[in-house]
Amino acid sequence: MALLFFAGLAFAQAIDPLPFKNHAEEVRFQNLTRELRCLVCQNENLADSNADLARDLRHEVFNLMQQGKSDDEIKQYLVDRYSDFVLYDPPVKGGTLLLWFGPLVILLAGAAVVVVTVRRRVRAAPVATVDDKPAEEGDDW
Amino acid sequence: MSRLIPFFGFLLLVVLFGFGIWWNTQHDQREVPSPLINKPAPAFVLPKLDDPAQTVSRDNLLGKPYLINVFASWCIACGEEHPVLMAQGKSIGVPVIGYNYKDDEGDAKGWLAKHGNPYDMVIVDREGRTAIDFGVYGAPESFLVDGKGIIRYKRIGPLTPDVIEKELKPAIAALAKEQP
């Protein structure tokens, strides 16, 4: 068990040993790199990626942290070079409106269809109860 | 009428999927748009491959448009691009500057000796530090920089005869028109 634990630690360190001053700094670095996309592999974040460029960018993030830059400044630094694409949490603006609100629009459209259908069935219901086979009427679509 | 609704729903889906397929054949989903287009090229000072004591900076290159072509001996797609540059590099109308990216000096020299050197000049970025400023995330990539040092066009992936004809040459022609 202990061996497994150390194996995990060793793996994380083997990817990229960086000289963190303390644990808090390391946690901040981990959180930050998890919000940034690896441009080469694209489905991975910077923290997990083994790509060469991801390693370079991790070092860059680390250096910027050492220079006292805030998280937002570091993100902006990368956005200036690689566009919003590097952010896993893209900002709300013209080009990303559909990304942000598309699912909501689809949900509302679905809800509208349900409401219309239910209303129609309610209106049709008195007729259906008079009928001998109400189930078939209800199965219209 | 209401019986036709599922049919129209189906039709809508067909159109939507069709659009998706069309869109994906027209666009490379992996391509990261460069925010640097129409912005000044980042300042850089990089040594020359054939004479590392000499450096080239962005400001040295001001005055005339040029094409920066990011390449490396380890890059497979650069091998596809290389013959195209050999054939057309001299005729596109601007100097082509090779940007040797994260390469070993010996490998880079060997590669150019073996396949030919299509470049007017080759600069070296071994650590890839300047490449981050350029937003490079792979090789090959090419940047068209105008005489004022502004990036006007970027190609991600190899330059092909098609890309040169349909994208690069019109971009260069547009630059020529601007300059009095």
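Where in chain B is B:Lys102 found? In this predicted model, B:Lys102 is found in the loop between E4 and H3 of chain B, and its side chain makes a polar contact of 3.1 Å with that of A:Asp52.

**B:Lys102 and its surroundings**

- With a relative accessibility of 16%, B:Lys102 counts as buried, the cut-off for that class being under 20% relative accessible area.
- Apart from neighbours within four places in sequence, B:Lys102 is in contact with A:Asp52, A:Arg55 and A:Asp56 of chain A, and with B:Trp74, B:Asp125, B:Arg126, B:Glu127 and B:Gly128 of chain B.
- A network of salt bridges links B:Lys102 with A:Asp52, A:Arg55 and A:Asp56.

**The contact between chain A and chain B**

- Each side is described by its residue count, with 20 residues from chain B and 20 residues from chain A taking part in the contact, and the two chains bury about 1,600 Å² between them, 51% of it on carbon and sulfur atoms.
- Between chain B and chain A the count is four salt bridges, and one that joins A:Glu60 to B:Arg129 through their side chains has an N to O distance of 3.1 Å.
- Six residue pairs, both members at pLDDT 80 or more, are in polar contact between chain B and chain A.
- On the side of chain B that touches chain A, the elements that give two or more residues are helix H1 (5–26) and helix H4 (129–133) of chain B, and the largest share, four residues, comes from H4(B).
- Sorted by class, that side of chain B has eleven nonpolar, three polar and six charged residues.

**Helix H3 of chain B**

- Within helix H3 (residues 105–115) of chain B, the residues B:Ala108, B:Trp111 and B:Leu112 are buried; seen down the axis of H3(B), its buried residues fall within an arc of 90 degrees, so they line one face of the helix.
- B:Ala113 and B:Lys114, on the other side of H3(B), are exposed.
- The cover over the buried residues of H3(B) includes strand E3 (66–71), helix H2 (76–88), strand E4 (96–101) and strand E5 (121–125) of chain B.
- At the start of H3(B), B:Asp104 places a side-chain oxygen within 3.1 Å of the backbone nitrogen of B:Gly106, while the residue that follows H3(B) is B:Gly116, whose phi is positive, near 100 degrees.
- B:Lys109 and B:Glu105, which both lie in helix H3 of chain B, four residues apart, about one turn of the helix, meet through their side chains in a salt bridge of 2.8 Å, N to O.
- Both partners of this pair count as partly exposed, B:Lys109 with a relative accessible area of 36% and B:Glu105 at 29% relative accessibility.

**Other salt bridges**

- Over all chains, the structure holds 16 salt bridges.
- A:Glu35 and A:Lys75 form a salt bridge whose closest N and O atoms are 2.5 Å apart; the pair links distant parts of the chain, 40 residues apart, with A:Glu35 in the loop between helix H2 (23–34) and helix H3 (52–66) of chain A and A:Lys75 in helix H4 (residues 71–82) of chain A.
- A:Glu35 is partly exposed, with a relative accessible area of 33%, whereas A:Lys75, at 19% relative accessibility, counts as buried.
- In chain B, the side chains of B:Arg152 and B:Asp146 meet in a salt bridge of 2.9 Å, N to O, in which B:Arg152 is partly exposed with a relative accessible area of 25% and B:Asp146 counts as buried at 4% relative accessibility.

Methods. Residues numbered from 1 in each chain as written. Chains lettered and ligands numbered in written order. Predicted model: local features only at pLDDT ≥ 70, side-chain atom pairs only at ≥ 80, totals over all residues. Heavy atoms only, no water. Contact = heavy atoms within 4.5 Å. Buried area = accessible area lost by both parts, 1.4 Å probe. Polar contact = N/O pair within 3.5 Å; in protein donor to acceptor, adjacent residues only side chain to side chain. Nonpolar A, V, L, I, M, F, W, Y, C, P; charged D, E, K, R; others polar. Buried < 20%, exposed > 50% of the residue type's maximum accessible area, 1.4 Å probe, protein only. Arc of directions from axis to C-beta.
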